[in-house]
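Here is a short report for a first look at this structure. Keep the model open and follow the chain as you read.

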Amino acid sequence: MAVHYLAQSAGRSPYPLVIVCPMAVKLGWVREILKWTLNAPTIQVITGRKPMSSYDFDINIVNYEILAIEATEDYEAKRLVDKYTPKYQPAGHTKALVDLNPFAVIFDEAHLLVNRKAQRSQAVGCLLRRVPVKLALTGTPILNRPDELLTILERLKQLDAFGGWEAFATRFL
């Protein structure tokens with residue numbers, strides 16, 4: 001349904017599209033995409049740590065666990081990110097997907113990103129930097145405390161809607 005929504009509301013083709021999800025639901029995404037899209041898009045399910053020969057598909061589906069990043073001090077994008085996003089350079093699949101310049105990224109089970117210092121959160125942050133359309137899906141956005149929503153809001157570039165980090169903290173923490 002999320003892919004169908006993007007296709008209908010984007011006003012243009014939603015491709016290239018990257019879907020980041022838990023490994024257990026990657027094939028479920030393929031099944032649902034084929035069920036809900038009118039024109040069957042080309043789909044690649046990314047597996048393993050070794051980069052694929054091509055990422056030139058309408059939809060690339062990757063699980064959180066195989067996204068990779070490398071810490072570096074001279075990454076040119078560090079000047080472009082907000083103050084809450086650590087400065088990391090994408091590597092492996094993450095770098096290839098960033099270079100693909102996707103129109104949209106859907107991250108399923110977004111509550112897996114609550115820890116901004118976790119490698120999966122850093123990798124998703126690298127992937128989302130220049131993506132115009134971001135969609136977070138979760139049934140449990142807050143597992144324990146309201147501050148767990150901060151990383152998701154940062155990744156979606158929606159923290160300003162709450163007045164920034166300080167206003168969010170004052171109101172909800």
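Two strands count as paired if DSSP finds at least two bridges between them. Strand β1 (residues 17–21) and strand β6 (residues 104–108) are joined by 4 bridges and run parallel. Note that this is a predicted model.

## The chain as a whole

The chain holds 6 helices and 7 strands. Starting at the N terminus, the elements follow the order α-β-α-β-β-β-β-α-β-α-β-α-α.

The chain has 173 residues, and 45% of them count as buried. Take the contacts between residues at least 6 apart in sequence: 65% of these join residues at least 24 apart.

## The sheet

In what order do the strands of the open sheet stand? The order is β2-β3-β1-β6-β7. That makes 5 strands, with parallel pairing. The edges belong to β2 (43–45) and β7 (133–137). Each of these has a single partner strand, so one side of each has no neighbour in the sheet. On average, neighbouring strands in this sheet are turned by 15° against each other, direction ignored.

## Strand β6 and its partners

Strand β6 pairs with β1 through 4 bridges. Here Val 20 stands opposite Phe 107 of β6. Strand β6 also pairs with β7, in the parallel sense, over 5 bridges. In that pairing, Ile 106 faces Leu 135 of β7.

Is β6 enclosed or open? Of its 5 residues, 5 are buried, so β6 is largely enclosed by the rest of the structure. The cut-off for buried is under 20% relative accessible area. In a regular strand, side chains alternate between the two faces of the sheet. Ala 104, Ile 106 and Asp 108 point one way from β6. Val 105 and Phe 107 point the other way. All of them are buried.

The buried residues of α4 are Ser 121, Gln 122, Ala 123, Val 124, Gly 125, Cys 126, Leu 127 and Leu 128.

Helix α6 spans residues 164–172. Gly 164, Phe 168 and Ala 169 are buried there. An α-helix has 3.6 residues a turn, so residues three or four places apart point the same way. The cover over the buried residues of α6 includes α5 (149–155).

## Gly 92 in helix α3

Where does Gly 92 lie? Its place is in helix α3, which covers residues 92–99. Gly 92 has 33% relative accessibility, so it counts as partly exposed. Partly exposed is the class between buried, under 20%, and exposed, over 50%.

Gly 92 and Lys 50 are 42 residues apart along the chain. Their C-alpha atoms are separated by 7.2 Å.

## A cavity and its lining

How many cavities of 30 Å³ or more does a search of the whole structure find? The search finds 2. The second largest cavity holds about 50 Å³ of space.

Its lining includes Val 98, Asn 101, Pro 102 and Cys 126. Leu 127, Arg 129, Arg 130 and Val 131 also line this cavity. By class, the lining has 5 nonpolar, 1 polar and 2 charged residues. Cys 126 and Leu 127 are also among the buried residues of α4.

## Backbone points to check

Most residues other than glycine have a negative phi, and most peptide bonds are trans.

Tyr 15 and Pro 16 are joined by a cis peptide bond, with omega about 0°. Pro 16 sits in the loop between α1 (2–9) and β1.

Asn 101 is not a glycine, yet its phi is positive, at about 55°. This residue lies in the loop between α3 and β6.

Is Glu 109 buried or partly exposed? Glu 109 counts as partly exposed, because its relative accessibility is 29%.

Technical notes
Residues numbered from 1 in each chain as written. Predicted model: local features only at pLDDT ≥ 70, side-chain atom pairs only at ≥ 80, totals over all residues. Heavy atoms only, no water. Helix = DSSP H or I, 4+ residues; strand = E, 2+ residues; numbered from the N terminus. Buried < 20%, exposed > 50% of the residue type's maximum accessible area, 1.4 Å probe, protein only. Contact = heavy atoms within 4.5 Å. 1 Å grid on protein atoms, 1.4 Å probe; cavity = no way out; pocket = protein on both sides within 12 Å on 5 of 7 lines; lining within 4 Å. Points joined across faces, edges and corners; volume = space filled by probe spheres on them. Nonpolar A, V, L, I, M, F, W, Y, C, P; charged D, E, K, R; others polar. Axes fitted to C-alpha atoms, helices over the stretch in contact; angles between N-to-C directions.
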